[in-house]
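Open the model in your viewer and keep the selection tool at hand. The stops below say what to pick and what is there.

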Amino acid sequence: MITNLGFALEYSLGHITHAQNLKAALAEKGQNGEGISPTYVDLPYAGMTGAWTRLPGVRSNWSLRASLGAYLGLRPHAGRLDGALFHTQVTSLLSAGFMRRVPSVVSLDATPLQYDALGAFYGHTPSGNERVEEIKKRLNIRAFNAARALVTWSEWAKASLVQDYGITPDRITVIPPGIDLAVWDDRSERLRDMDAVRLLFVGGDFERKGGRTLLDAWTRLPDAARRVSRLDVVTRTWSEAEEQRVRAERGEDIAGVVVHRGVEPNSPVLRELFRQADLFVFPTRGDCLPLAVLEAMAAGLPVITTRVGALPEAVRHQETGWIVPVDDSEALAGAMMTLIQETTLRQTLGARANETARERFDAARNYQALIQVVARAGSSPASR
């Protein structure tokens with residue numbers, strides 16, 4: 001029996017990798033003859049086509065673009081779909097009626113109110129108008145209530161659904177995003193530079209991911225520590241001109257920093273940087289549950305990060321990595337120094353990080369669980 005499932009998938013930031021991993025898992029199920037026929041509606045933050053995308057209000061409003069695009073994309077298939085998944089909740093806002101006809105699941109990494117709290121780091125500012133904010137909240141509650149079930153990436157996001165939106169806990173399943181362990185846990189092929197400890201930072205948005213804090217922390221390291229270390233920076237938004245300006249100002253202090261631009265998610269170049277690394281440093285200022293951290297853990301790297309969003313659920317302080325305060329370059333430098341110097345500790349934390357990734361972030365298991373939630377929604381009566 002073929003189960004026809006629709007997928008409305010947000011394509012922005014880390015959700016791009018999530019969508020790619022989900023599709024890979026579904027393709028594997030198809031190859032194994034497990035009877036899932038997917039219909040995808042991909043919703044890129046930039047580059048949507050169609051006359052409707054140029055309508056006033058739609059063109060400049062991501063929530064309207066994503067939710068209208070999801071509705072228009074899935075509506076023609078409603079008669080044959082057994083179930084549907086909307087990721088994230090922003091794609092579901094205009095599909096409450098559709099979700100009552102086609103049993104649907106909404107999945108999310110953070111609730112709108114959590115996103116508002118982190119908004120300054122994403123260039124997002126709540127309207128400040130109480131009536132507008134109340135309307136937005138009602139739209140989200142309507143979509144949440146129209147869904148048969150909800151999936152969150154973390155207990156952090158689940159708690160907000162319960163406390164801020166009145167969703168009963170039994171309607172929510174926590175399923176973190178999945179990482180392809182066969183790709184990222186590839187230690188047999190690592191090309192270690194035995195003369196240097198390799199630190200790796202991956203953050204497309206250099207400012208939001210704490211890149212400046214990281215540079216400041218790097219310069220705080222003793223000269224002897226920098227001489228035996230190298231910092232690889234993978235980013236999109238730290239321009240070459242800005243890099244050269246900083247190099248002119250700081251000179252030898254950042255001689256060991258190597259910047260990589262144009263590196264795509266899941267690419268061989270990125271995987272090679274992870275293979276060569278000894279330590280992942282991610283002092284983010286605003287995040288939910290970034291996949292780069294989960295990839296680092298799967299690669300067996302200890303992670304230095306901050307107490308932001310759901311990160312403390314993934315990285316346990318002094319067990320799988322190190323948690324430091326946001327924007328605290330001195331504390332970050334201290335954590336970096338400890339793990340540069342203490343090889344055995346670094347390796348122990350990395351091994352535990354890998355174990356955690358295998359237990360909690362295995363793509364084969366997690367995407368199977370997500371698909372099962374969607375399939376169950378299609379085969380069970382409404383719960384309300």
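This is a predicted model: local features need pLDDT of at least 70, side-chain atom pairs count only at pLDDT 80 or more; totals for chains, interfaces and linings use all residues.

Select T320 and show the residues around its side chain: M297, P302, V303, A314, V315, L349, R352, A353 and T356 are in contact with T320, leaving aside residues up to four places away in sequence. T320 sits in the loop that runs between α13 (311–314) and β12 (321–324). Is T320 buried or exposed? Its relative accessible area is 1%, so T320 is buried.

Next, select helix α6, residues 155–165. Which residues of α6 are buried? They are A157, K158, S160, L161 and Y165. Look down the axis: these residues are on the same side of α6, because they cover an arc of only 160° around the axis. Then step just past the end of α6 to G166, which has a positive phi of about 70°.

The remaining stops are salt bridges, of which the model has 23.

Select D42 and K23. The two form a salt bridge, with 2.8 Å between the closest N and O atoms. D42 belongs to strand β2 (residues 36–44) and K23 to helix α1 (residues 15–31), so the pair ties together parts that are 19 residues apart in sequence. D42 counts as partly exposed, at 36% relative accessibility.

Move on to D232 and R198, another salt bridge, where the closest N and O atoms are 2.9 Å apart. Here the partners are in two strands, D232 in β8 (residues 229–234) and R198 in β7 (residues 197–202), so this pair joins parts that are 34 residues apart in sequence. Are these two residues buried or exposed? D232 is buried at 2% relative accessibility, and R198 is buried too, with a relative accessible area of 5%.

Then select E272 and R275, whose side chains meet in a salt bridge at 2.5 Å, N to O. Both are in helix α11 (residues 268–276); they are three residues apart, so about one helical turn separates them. R275 counts as buried, at 13% relative accessibility.

For the last stop, select E207, R212, E242, R245, E249, R285 and D327 together and show their side chains: salt bridges link these residues in a network.

Notes. Residues are numbered from 1 along each chain as its sequence is written. Side-chain values use heavy atoms; hydrogens and water are left out. Helices (H or I, at least four residues) and strands (E, at least two) are DSSP runs, numbered from the N terminus. Buried means under 20% relative accessible area, exposed over 50%, partly exposed in between (1.4 Å probe, protein chains only). Contact means heavy atoms within 4.5 Å. The arc is that of the directions from the helix axis to the C-beta atoms. A salt bridge is a side-chain nitrogen of Lys or Arg within 4 Å of a carboxyl oxygen of Asp or Glu.
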